[in-house]
Amino acid sequence: MAGGERQRVDGEPAFVLHTHPFRETSLIVETFSRNHGRVPLAARGARRPRSALRGVLMAFQPLSIGWFGKGEVRTLAKAEWMGGQPLLQGEALLCGYYLNELLVRLLPRDDPHPGLFDAYADTLQRMAAGLAPAPLLRRFEKTLLQELGYGLTLDRCVDGGEAVAAAGEYVVVLERGVMPSQGQPDEQPRFSGKALLAMAGDDFSSPEVLAQSKTLMRMLLSHHLGDQGLESRRVFKELQGL
Amino acid sequence: MQSPSSLDELIEALRCLPGVGPRSAQRMAYHLLQRDQAGAARLAKGLAQALERIRHCARCNNFTEQEVCERCASGRRDASLLCVVEMPADLNMVEQTHAYGGLYYVLMGRISPLDGIGPRELRLDRLLARATDGVLREVIIATNFTNEGEATAHYLSEMFRSRGVKSSRIARGLPVGGELEHTDSGTIAQALLERRPL
């Protein structure tokens with residue numbers, strides 16, 4: 001909406017993606033809500049030492065929030081902690097930042113994506129439970145691209161719609177889709193038919209699929225992110241470089 | 001009427017303070033010039049002096065006027081313990097407990113990937129150099145229990161582990177004198193998860 005009309009929302013499932021200090025004691029909270037998408041909210045007094053919102057407005061925790069107001073930044077009325085999920089720790093926490101950065105960078109404001117919200121909540125839940133993050137991240141990236149309308153058909157070629165064969169070798173052309181690798185320039189990364197079919201079926205269990213899907217998702221995401229790289233990825237890399 | 005340019009400049013300069021917008025900056029400038037010129041002069045002198053003299057301690061990174069701050073230079077502290085905190089205010093809180101006799105390292109921030117603050121911006125290589133001086137036995141990571149503080153703690157623990165430096169994390173849970181009835185559910189949930197055997 002982001003227009004002139006007044007809005008009053010209550011009991012909305014949401015996550016905090018990021019917060020910025022605002023005025024003396026307030027916060028601007030970038031939220032991702034289930035039915036209203038990414039909504040920026042002003043949380044008045046949330047930075048006061050004894051504010052009840054302090055421990056609540058934390059990223060990666062399922063919240064139930066309410067807001068009112070009009071214009072781009074609306075006012076947070078309340079936020080409750082829904083619980084049931086341990087805090088993210090260690091590597092999973094850095095992966096969480098990666099998800100949040102993707103959403104902040106790619107998801108337009110006030111654009112509802114309940115399916116993406118559920119995928120996000122599920123990914124966090126599984127990471128908090130200690131599952132390996134890599135397959136979860138790849139699946140989330142795929143859902144994200146689909147929800148934003150950038151989804152690709154992975155089990156058929158673009159010209160003629162010929163089915164992808166498990167034994168074949170393919171390239172993925174940006175904005176178009178899968179093509180047989182014959183005659184394609186060498187700098188185009190090659191993907192095995194087996195890996196493409198597994199990705200199409202959301203099966204990221206084998207190491208080969210995992211490696212190829214990482215290459216593919218990185219290629220697609222950087223195309224949509226433009227020149228400015230992801231900070232969370234840089235921090236993660238510096239950590240791995242220790 | 002056009003306002004004089006040095007007034008504009010002062011207003012613009014005051015806006016660099018956190019939480020100060022154009023309106024507050026204007027109010028401050030008028031107050032300083034009209035009502036409290038002596039205060040303004042003191043402020044100007046104080047700022048100039050601090051800028052010139054204050055620097056980061058070579059050992060703990062806290063603000064000091066010397067090369068090495070008094071606390072680090074004092075022989076009375078236990079040099080085998082190093083407590084890593086985010087900000088000088090955190091150091092003051094730990095000091096107030098009188099429960100810690102070791103030395104400190106102040107990060108002057110925290111890792112916050114979405115704000116572009118990573119290990120490089122925090123100059124963590126300096127901390128690593130400090131922690132591998134040979135005398136140190138244990139690093140206590142006392143960053144905040146926010147997501148950023150936790151990310152920082154994770155990074156530090158991995159960094160120290162890879163260099164064979166022993167590190168520990170301060171505990172979290174119910175506050176001293178805390179009652180379950182009046183504690184927020186996030187804290188109770190985490191206290192249950194991180195319970196310890198007796």
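**Ground rules.** I number residues from 1 along each chain as its sequence is written, and I letter chains from A and number ligands from 1 in the order in which they are written. Because the model is predicted, I ask for pLDDT of at least 70 for local features and 80 or more for side-chain atom pairs, while totals for chains, interfaces and linings use all residues, and side-chain values use heavy atoms, with hydrogens and water left out.

**Confidence.** I looked up pLDDT, the predictor's confidence in each residue from 0 to 100, and found that chain B averages 92, with 98% of its residues scoring at least 70. For the model I wrote down ipTM 0.85 and pTM 0.88.

**A:Thr123.** I found A:Thr123 in helix H2 (residues 114-128) of chain A. Is A:Thr123 buried or exposed? Its relative accessible area is 5%, so A:Thr123 is buried (under 20%, with exposed over 50% and partly exposed in between, for a 1.4 Å probe and protein chains only). Beyond its neighbours within four places in sequence, A:Thr123 is in contact with A:Leu99, A:Leu136 and A:Phe140 (heavy atoms within 4.5 Å).

**The cavity.** On a 1 Å grid over the protein atoms alone, a cavity is a set of points where a 1.4 Å probe fits but cannot get out, a pocket is an open set with protein on both sides within 12 Å along at least five of seven lines, and lining residues have an atom within 4 Å of a point. I found 1 cavity of 30 Å³ or more, and the largest cavity has a volume of about 80 Å³. Its lining includes A:Lys142, A:Leu145, A:Met217 and A:Leu220, and helix H3 (133-147) and helix H5 (207-225) of chain A each give two or more residues to it.

**The second largest pocket.** This pocket holds about 380 Å³ of space, and among its 20 lining residues the closest to its centre are A:Leu137, A:Arg138, A:Lys214, A:Arg218 and A:Phe236. H5(A) supplies the largest share of the lining, 6 residues. Where does the second largest pocket lie? Domain 1 (1-146) and domain 2 (152-242) of chain A both give residues to its lining, so the pocket lies between them; the domain bounds come from an automatic or database domain assignment.

How values were computed. Helix = DSSP H or I, 4+ residues; strand = E, 2+ residues; numbered from the N terminus. Points joined across faces, edges and corners; volume = space filled by probe spheres on them.
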